Amino acid sequence: MPDAWETFRIEFKGGLVTNLSPLQQAINAPGSARILRNYEPSIDGGYKRIQGYAKFDSSIMAPYGNPVVHGASQSGTTLIMGAIHTTPAVGDTLTIAGVSGTYTISGISDFDVTNNRATVTLTGALNSSPANGALVTFVTVTTENYANGITYFNNKAVVALNADIVETAGSGYTKINKPNYGTPLIDGASQTGTTLVADAFDTFPQAGDVFTISGVDKTYTVTTTVSAYSDASSKEVNIAINPTLASSPADNATITFISSDREGAINTRFDIIDFTGTKTLVLVDGVNAPALYNGTTFTVLDSAPSDVIGATVVATHKNHIFYAKGRVLSFGSPLTTTDFQSGNGAGSIGLDNSIVAIKSFRDQLIVFTDSSIFRLNGDALATFNLQPITRDIGCIQTDSVQEIGGDVVFMAPDGLRLLSATERIGDFGLAPITKKIQGTFNEFVKLHTDFFSLVIRNKSQYRLFGWNNNFTRPNAQGILFTQFASPGEASVIDFAETRGIQVTACASVYSGTTEFVIFSGKEGFLHRMENDTSSFDGNNIATTFATPLYPINDPRIRKTIYKAQFYLDPEGRVNFDLNLKFDFDESGAVVMPAVTFTNATSNASQFYGIGAYGSATFGAKLQKVFSAQTTGSGKTISAQFEADNNTDVPYALDALTLEYATHARR
């Protein structure tokens with residue numbers, strides 16, 4: 001008599017688990033995964049294929065800001081550019097405003113790092129002589145084009161790279177690090193040489209600033225920082241410049257500053273303030289003075305104290321802007337951006353260890369060092385009080401710190417941790433959350449040199465991306481988790497991995513009711529995640545999900561699997577392969593041929609753009625249950641779902657049933 005069939009049911013939940021033995025995982029967490037790549041534990045249930053990403057702007061990120069032509073009447077195959085803070089490379093291509101054609105750099109004759117000029121050789125002669133100050137736009141670059149900071153502000157993406165800050169609404173990049181000194185004018189005609197007298201300066205020009213003079217050829221660089229007015233009543237300054245004036249400017253000729261030097265920037269980080277009803281972006285980069293940008297004007301805080309210039313992180317808290325540099329936490333006066341006078345409410349606090357990150361969380365400022373965590377209570381200089389949360393654990397990666405679901409997550413030496421409020425008011429609990437993937441997480445950390453994170457708020461999801469310059473885009477790795485919470489219960493954290501999302505800087509920011517999740521990699525483009533895209537910018541999304549190794553009813557008895565039935569929640573066309581892995585997939589185990597599942601058929605086209613008008617059937621319900629006859633037997637069984645060429649819209653894997661027969665014990 002043939003063996004009776006039985007049904008084994010699995011609901012997919014629990015996320016990636018790698019710290020249990022195979023049988024422990026199958027018995028204690030049957031809905032979890034031993035491999036979960038490019039799927040995400042979904043707040044709607046099951047494991048959902050992650051969304052793809054597409055270019056936010058089709059142009060490459062402006063690698064050298066917006067350099068300009070240095071001097072009119074240039075011709076032939078030589079081009080001199082001004083306002084360029086990083087040397088271009090042979091093979092880069094560019095266009096010049098007012099000159100037809102695209103030009104390739106075949107040689108670098110000179111790069112003047114002090115005066116921000118580059119002299120390059122072009123493969124072909126200029127079609128016409130460009131105007132002085134004409135914009136030079138790089139079309140392609142031959143070197144890797146990394147951003148070192150990204151945010152979204154005033155309906156535009158703001159990107160820091162090389163020595164410039166640029167912004168884009170999606171159709172080309174505009175440089176914003178142009179200093180604002182008021183409306184300076186030439187003070188007196190007939191000036192010559194390398195010193196320029198000008199007035200109407202609200203603040204002092206800095207070494208490295210680049211400007212043009214109305215009616216005078218060439219661009220000019222400030223060679224020495226101005227520290228005092230030569231005539232305070234007219235705000236007159238004497239500026240040392242390079243090169244020598246091409247001609248004598250007219251009295252009251254307009255001076256236009258086109259570049260502020262941000263050279264040496266390490267990682268640029270941002271915060272947004274709103275003290276006056278106008279939102280303003282505050283940025284620090286670890287080397288230069290902090291800067292402010294309100295969407296129109298870029299203001300460098302050159303007069304900030306030494307403990308603020310070169311700050312590595314910034315956060316707004318209790319109407320103060322806080323800056324961290326080394327072991328010093330500094331803050332400006334309340335409701336101001338430029339006042340650092342202690343008599344007006346500004347101050348600083350010294351710590352025992354270097355500050356890694358700061359985060360305004362509820363009514364406290366959380367201060368992370370590399371080996372401790374503090375909280376700053378109070379709301380003004382007189383009441384600020386720094387208290388330790390723990391002196392045993394610190395944060396080791398600045399850009400791992402994010403707020404999610406009422407918690408703050410950060411990367412500690414032993415993995416990701418949550419800083420969460422407990423029932424005792426003012427107390428904190430520290431909980432490591434990566435224990436169930438500890439081996440996987442440790443290996444992930446070992447393989448990478450830098451880490452960047454973001455949150456996707458409408459999914460209650462945190463993503464951490466590793467950076468290794470030796471990894472190609474398809475091999476770029478990341479870890480994500482989804483936070484699940486029920487009323488009156490502790491949060492549940494489920495993990496997964498990403499592959500193919502290469503990140504050097506990223507951010508997720510709400511603009512109105514829309515969340516913008518943006519990032520850049522080493523390919524030189526700014527991308528947007530979670531934008532209903534079904535590919536990685538045209539590249540396939542490779543996915544793998546493998547269940548635990550189920551013994552079903554007894555790990556010592558062989559079972560034959562006759563039929564697999566799979567339940568999913570599709571949003572459109574679905575294609576993937578199912579493999580059954582027997583007996584721990586060891587050598588000699590039964591190998592079952594892959595079964596391909598698809599709901600896109602020749603006579604049923606539920607999706608606009610797939611079927612042909614007049615021959616396809618539209619409007620049918622999406623297929624949600626898939627069945628397949630299977631072959632093979634073993635003592636343990638695992639189902640593995642894979643798609644190497646996936647450009648379908650996202651879908652969720654919900655559950656699986658296996659129909660099987662149990663054989664006699666041998």
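Helices (H or I, at least four residues) and strands (E, at least two) are DSSP runs, numbered from the N terminus.

## Basis of the model

This is a predicted model, in which local features need pLDDT of at least 70, side-chain atom pairs count only at pLDDT 80 or more, and totals for chains, interfaces and linings use all residues. Residues are numbered from 1 along each chain as its sequence is written, and side-chain values use heavy atoms, with hydrogens and water left out.

## Backbone features in loops

Pro 243 sits in the loop between β20 (237–242) and β21 (255–259). The peptide bond between Asn 242 and Pro 243 is cis, with omega about 0 degrees.

Leu 335, in the loop between β28 (328–331) and β29 (347–350), has a positive phi near 60 degrees and is not a glycine. Arg 362, also not a glycine, has a positive phi of about 60 degrees; its loop runs between β30 (355–361) and β31 (364–369). Most residues other than glycine have a negative phi, and most peptide bonds are trans.

Leu 335 is partly exposed at 47%, and Arg 362 is exposed at 53%.

## A four-stranded sheet

An open sheet of four strands runs in the order β5-β44-β43-β42, with antiparallel pairing. Strands β5 (53–55) and β42 (505–511) are at the edges with a single partner strand each, so one side of each has no neighbour in the sheet. From one strand to the next the twist averages 30 degrees (axes are lines fitted to C-alpha atoms, for helices over the stretch in contact, and angles run from 0 to 180 degrees between N-to-C directions).

Two strands count as paired if DSSP finds at least two bridges between them. Strand β5 pairs with β44 (residues 526–529) in the antiparallel sense over three bridges. In this pairing, Ala 54 is opposite Arg 528 in β44.

## Asn 154

Asn 154 lies in the loop between β12 (149–153) and β13 (156–161). Asn 154 is partly exposed, at 45% relative accessible area. The C-alpha atoms of Asn 154 and Val 90 are separated by 35 Å, and the two residues are 64 residues apart along the chain.

Definitions and conventions
Buried means under 20% relative accessible area, exposed over 50%, partly exposed in between (1.4 Å probe, protein chains only).
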